[in-house]
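User: Hi! I am new to reading protein models, and I would like to go through this one step by step. Could you help me?

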Amino acid sequence: MTENALKEIKTKWDQRRELVEAELPRQLHQSGKTLDKTLTEAMEYSLMAGGKRLRPILLMAAADAAGAKGEDFIASACAIEMIHTYSLIHDDLPAMDNDDYRRGKLTNHKIYGAGMATLAGDALLTLAFEVMTREKASAEMKLAMIQEMSSAAGFQGMVGGQAVDLESEGKHIPLELLREMHLGKTGALFKAAIRSGAILARADDKTLEALTKYALAFGLAFQITDDILDVVGDEATIGKPVGSDERNNKSTYVTLTSLEEARRLAQQAVDDGLKAIEPIGEKAKFLGALLEYLICRNK
């Protein structure tokens, strides 16, 4: 990726991230009075802790690719970030990965305790679906998006993948099971973000199919790259302590193959994703740039 292309993608990424950062607190507090101030503080602590805001950006970019204006769907973009944040809070809990830091800050349970952190995650998950109903779209489109998101976040997707991950700790699992686990744990929410953006933009069947293939490739490339960065990256890049997978004795694409093979698999996933969106043309340019930027991180 050239220096100019990198600058262009970072500029657009920053613009969209700023939109999300400004809208998240408005959506969080729009429901009015809370029953418990500490709970709201715990929700806001993790929700506003920074991060790439990649999933909302993907939702908006997919809407762009389908011929709409991504910024019009900012409520839904915020909703998927709430789901993602809930998953991080729970993932960091002592009963799960037991991490002390996330995005350079103490994890939620280190500040508010495991009980309140659990409730903060629960509250963000349920709030996300309320926020989706606020979207400026037809009831039909909102229903389709809510079905997409709920399936991705539940036992068939992210939570199911987390369960497999939990039961796989300390075990040498087959590569195919690792792939299936991450299609749920990580890939399902990426797929939901991209498909939801396309659905809200009323994408035709061919565009939706192309974006779905792209989403699957993106999720795979992201997870393999994440596994690589856990070995060769730094905390500032990945937003959590390096070596977390090794400490938790987890199977990864690096441990089950090799660093070199993991890089090859990541590049193959990127190539597959770029090929999938070729028919969409210029409107999918940003999606293609996001995928290429992703692979640059593990070089």
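Predicted model: local features only at pLDDT ≥ 70, side-chain atom pairs only at ≥ 80, totals over all residues.

User: At what angle do helix α7 and helix α9 pack?

Analyst: Residues are numbered from 1 along each chain as its sequence is written, and side-chain values use heavy atoms, leaving out hydrogens and water. Helices are DSSP runs of H or I with at least four residues, numbered from the N terminus, and axes are lines fitted to C-alpha atoms over the stretch in contact, with angles from 0 to 180 degrees between N-to-C directions. For α7 (residues 139-153) and α9 (residues 175-200), the axes lie 9 Å apart and the packing angle is about 175°.

User: Is α7 roughly parallel or antiparallel to α9?

Analyst: Angles under 35 degrees count as roughly parallel, over 145 as roughly antiparallel, 65 to 115 as roughly perpendicular and the rest as oblique. The angle here is about 175°, so α7 is roughly antiparallel to α9.

User: Which residues of α9 meet α7?

Analyst: Contact means heavy atoms within 4.5 Å. On the α7 side, the residues are Met141, Ala144, Met145, Glu148, Met149 and Ala152. Their partners in α9 are Ala188, Leu189, Ala192, Arg195, Ser196, Ile199 and Leu200.

User: Where is the kink in α9 centred?

Analyst: The bend at a residue is the angle between axes fitted to the seven residues ending there and the seven starting there. In α9 there is a kink of about 55°.

User: How many residues of α9 are buried?

Analyst: Buried means under 20% relative accessible area, exposed over 50%, and partly exposed in between, using a 1.4 Å probe and protein chains only. By that rule α9 is mostly covered. Out of its 26 residues, the number buried is 19.

User: How far apart are the end C-alpha atoms of α1?

Analyst: The expected span of a helix is 1.5 Å times one less than its number of residues. Helix α1 (residues 3-29) has 27 residues, so it should span 39 Å. The model agrees, because the end C-alpha atoms are 40 Å apart.

User: Which proline follows the bend in α1?

Analyst: α1 bends by about 25° at Glu23. Glu23 is also one of the buried residues of α1. Within four residues of the bend comes the proline, Pro25.

User: How far apart in space are Tyr214 and Asp272?

Analyst: Tyr214 is found in helix α10 (residues 205-232), and it is buried, with a relative accessible area of 0%. Not counting residues up to four places away in sequence, Tyr214 touches residues including Leu58, Ile194 and Gly273. Tyr214 and Asp272 are 58 residues apart in sequence, and their C-alpha to C-alpha distance is 7.4 Å.

Technical notes. Helix = DSSP H or I, 4+ residues; strand = E, 2+ residues; numbered from the N terminus.
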